[in-house]
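Here are my notes on the model. Please read them with the structure open.

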Amino acid sequence: MSDLLERLRSRGWRLTAQRRVVAEVLSGDHVHLTADEVHARAAERLPEISRATVYNTLGELVSLGEVLEVSTDRRAMRYDPNAHRPHHHLVCGGCGLVRDVHPEGDPLADLPATERFGFAVSAVDVTYHGLCPSCSADRHPAPSSGA
């Protein structure tokens, strides 16, 4: 059983077939799917699941604090089941791949008091942007050794 399913079961959340399949689709490391991607994968397992049910279930999971909404490209919201371990994101500007990262240190410590403008800062969201190895190789292919 996935970590998310275990957490939901321990909370006493009623696991209908539709809710279960959404939670199963969100299982795994580095999962950052859009609602449409969740629906497509859920429909492969449970063809009768509706888009509305997926959206409602995702909304409930976010409200419960079991799934995070993540915006990595200022377009579609992505859903991250890694809600209980603080982390940041690494995003590929080529293919959109998103990976969870856990750098050492406290990013809030890097914000000097003079730059806080009196804010009582409660959270920090960091997103690193770059190219994954595959996209980097596509843009900068290795030189050929032709004669």
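1. The side chains of Arg19 and Glu60 make a polar contact at 2.5 Å. A polar contact is a pair of N or O atoms within 3.5 Å; within protein, one must be able to donate a hydrogen and the other to accept it, and residues adjacent in sequence count only if both atoms are side-chain atoms. This is a predicted model: local features need pLDDT of at least 70, side-chain atom pairs count only at pLDDT 80 or more, and totals for chains, interfaces and linings use all residues. Residues are numbered from 1 along each chain as its sequence is written, and side-chain values use heavy atoms, with hydrogens and water left out.

2. Arg19 sits in helix α2, residues 17–25. Helices (H or I, at least four residues) and strands (E, at least two) are DSSP runs, numbered from the N terminus. Arg19 counts as buried because its relative accessibility is 15%. Buried means under 20% relative accessible area, exposed over 50%, partly exposed in between (1.4 Å probe, protein chains only). Not counting residues up to four places away in sequence, Arg19 touches Trp13, Arg14, Thr57 and Glu60. Contact means heavy atoms within 4.5 Å.

3. Which other residues of α2 are buried? Val21, Val22, Ala23 and Val25 are, along with Arg19. The buried residues of α2 pack against α1, β1 (33–34), α3 and α4.

4. The largest nonpolar core has 21 residues; Val22, Leu26, Val38, Ile49, Leu58 and Leu61 touch the most other members. Two or more residues come from each of α1 (3–10), α2, α3 (35–45) and α4 (51–64). α2 gives the most, with 4 residues. Such a core is a set of buried Ala, Val, Leu, Ile, Met, Phe, Trp, Tyr and Cys residues joined through side-chain atoms within 4.5 Å. Leaving aside neighbours within four places in sequence, Leu58 contacts Val22, Leu26, Ala35, Val38 and Tyr79.

5. Now the helix pair. Val21, Val22, Glu24 and Val25 in α2 meet Val38, Arg41, Ala42 and Arg45 in α3. The packing angle is about 120°, with the axes 9 Å apart. Axes are lines fitted to C-alpha atoms, for helices over the stretch in contact, and angles run from 0 to 180 degrees between N-to-C directions. α2 and α3 are therefore oblique to each other. Angles under 35 degrees count as roughly parallel, over 145 as roughly antiparallel, 65 to 115 as roughly perpendicular and the rest as oblique.

6. Glu66 lies in the loop between α4 and β2 (68–70). Glu66 is buried, with a relative accessible area of 3%. A 2.8 Å polar contact joins its side chain to that of Arg11.
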